[in-house]
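Work through each task yourself before you read its solution.

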Amino acid sequence: MRLEFEAVLFDIDGTLVDSTPVVERTWRTWASRRDVNVAELLSVCHGRRTEDTVSLFLPAAEQAAAVAELEQLELADLDDVMALPGSGALLPQLPSDRWAAVTSGSQQLMRARLAAAGLPAPDVLIAAEDVSAGKPDPEGYLKAAAALGVEVHRSLVIEDAPAGIRAGRAAGAWTLAVATSHQVADLESADAVVDDLTALSIEPGDSGLVVTIDYSRLRDPGRGHSA
């Protein structure tokens with residue numbers, strides 16, 4: 001499967017970087033200090049901004065302090081952060097003006113996690129504080145495409161979480177899901193699903209980037225939408 005795009009827009013946590021153990025450990029620690037149901041919390045926190053998740057569990061007056069507390073817990077816990085398969089080989093091949101990252105984390109935290117994983121930070125990184133509405137709202141992906149000077153509907157969004165896939169589709173991009181943190185059934189709204197980034201290669205093309213996806217690695221090759 002060969003597809004042409006003007007740019008690739010990546011999520012970070014769960015897509016480029018394996019931070020799921022850290023994220024869940026942090027949320028468990030935080031929840032243990034409050035009367036918050038951990039199972040319910042973990043079912044909604046992935047792929048969303050911290051402030052959006054916190055708002056579901058705490059009154060408005062307590063939210064700012066809780067978000068700051070979570071940020072410090074996460075910044076202090078980088079030991080388990082590592083690059084996911086394929087990301088270390090893929091990112092250095094991409095022209096800096098043809099890729100960006102859109103994350104639900106903060107600029108400081110995401111740059112720290114990329115560094116801990118030994119991955120380069122993109123020139124364009126749209127983080128939690130750069131948008132007024134987090135995923136599944138498409139604002140972040142729309143801003144990333146605009147910052148690169150490309151058409152979002154000619155861009156590829158790569159995500160690991162349902163909220164991010166919904167954001168990419170709402171923006172008008174073609175979406176590829178990596179099943180690194182969720183079950184394939186949870187990612188069925190993506191245009192295609194693979195296990196991880198080793199299933200694709202990206203090289204410069206005449207009008208942007210040529211993305212080749214190993215058809216044999218598609219988790220459900222019979223399902224999807226036309227590019």
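A residue counts as buried when its relative accessible area is under 20%. Keep in mind that this model is predicted.

**Exercise 1.** Describe helix α4 by its length and its buried residues.

*Solution.* Start with the span: α4 covers residues 60–75, which is 16 residues. From first C-alpha to last it reaches 24 Å, close to the expected 22 Å. Next, apply the cut-off: Gln63, Ala66, Glu69, Leu70, Glu71, Glu74 and Leu75 are buried. Finally, look for their partners: these buried residues pack against α1 (20–32), α3 (50–54) and α6 (107–116).

**Exercise 2.** Work out how α1 and α4 are oriented to each other.

*Solution.* First take the axes, which come within 10 Å and cross at roughly 135°. Now compare that angle with the classes: over 145 degrees would be roughly antiparallel, and 65 to 115 roughly perpendicular. The two helices, α1 and α4, are therefore oblique to each other. Their crossing is right-handed. To see who touches whom, find Val23, Thr26, Trp27, Thr29 and Trp30 in α1, which meet Ala66, Glu69, Leu70, Leu73 and Glu74 in α4.

**Exercise 3.** Which strands form the edges of the open sheet of three strands?

*Solution.* Write down the order, β1-β11-β10, with antiparallel pairing. The strands that pair on one side only are β1 (2–5) and β10 (200–205), and these are the edges. Neighbouring strands here are turned by 25° against each other on average, direction ignored. Now zoom in on one pair: β10 and β11 (208–213) are joined by six bridges, and Ser201 stands opposite Thr212 in β11.

Conventions: Residues are numbered from 1 along each chain as its sequence is written. This is a predicted model: local features need pLDDT of at least 70, side-chain atom pairs count only at pLDDT 80 or more; totals for chains, interfaces and linings use all residues. Side-chain values use heavy atoms; hydrogens and water are left out. Two strands pair if DSSP finds at least two bridges between them. Helices (H or I, at least four residues) and strands (E, at least two) are DSSP runs, numbered from the N terminus. Axes are lines fitted to C-alpha atoms, for helices over the stretch in contact, and angles run from 0 to 180 degrees between N-to-C directions. The expected span of a helix is 1.5 Å times one less than its number of residues. Buried means under 20% relative accessible area, exposed over 50%, partly exposed in between (1.4 Å probe, protein chains only). Contact means heavy atoms within 4.5 Å. Angles under 35 degrees count as roughly parallel, over 145 as roughly antiparallel, 65 to 115 as roughly perpendicular and the rest as oblique. A crossing is left-handed if the near helix is turned anticlockwise from the far one by less than a right angle, and right-handed if clockwise.
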